[in-house]
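Here are my notes on this structure, as numbered points. Please read them beside the coordinates.

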Amino acid sequence: MLEDKLSRCPKCGSENVVPIVYGRTTFEMAKQEKAGEIHIGGESIENDGSKWYCNDCGYKWGGKSSLL
Ligand SMILES: [Zn+2]
């Protein structure tokens with residue numbers, strides 16, 4: 001797995017943070033997103049390819065340029 005849930009949201013401090021998964025959305029991914037385990041980033045990597053998503057405020061971060 002990835003680094004799991006080591007991260008906190010840099011914006012609101014929430015620990016309700018999930019990894020962003022890119023690629024074609026599968027049934028499994030949709031299920032995981034509903035369960036609050038991942039965030040679906042879409043088929044193509046946007047901007048710098050943020051890695052983490054805050055379920056509380058919707059902030060995305062952790063792209064290539066800003067590893068926390
Ligand atoms: Zn947040």
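1. Glu37 sits in the loop that links α1 to β2 (39-42). Helices here are DSSP runs of H or I with at least four residues, strands are runs of E with at least two, and both are numbered from the N terminus. Glu37 counts as partly exposed because it has 14 C-beta neighbours inside 10 Å. The cut-offs are 20 or more other C-beta atoms within 10 Å for buried, 12 or fewer for exposed, and partly exposed in between, with C-beta atoms placed from the backbone.

2. This is a predicted model, in which local features need pLDDT of at least 70, side-chain atom pairs count only at pLDDT 80 or more, and totals for chains, interfaces and linings use all residues. Residues are numbered from 1 along each chain as its sequence is written.

3. Leaving out residues up to four places away in sequence, Glu37 touches Val18 and Gln32 (contact: C-beta atoms, placed from the backbone, within 7 Å). Its C-alpha atom is 7.7 Å from that of Pro19, 18 residues apart along the chain.

4. The largest nonpolar core holds six residues: Cys9, Val17, Ile20, Trp52, Tyr53 and Cys54. β1 (17-22) and β3 (52-54) are the elements giving two or more residues to this core. β3 supplies the largest share, three residues. Such a core is a set of buried Ala, Val, Leu, Ile, Met, Phe, Trp, Tyr and Cys residues joined through C-beta atoms within 7 Å.

5. Mean pLDDT (the predictor's confidence in each residue, from 0 to 100) is 84 for the protein, and 79% of its residues reach 70 or more.

Conventions:
Contact = placed C-beta atoms within 7 Å.
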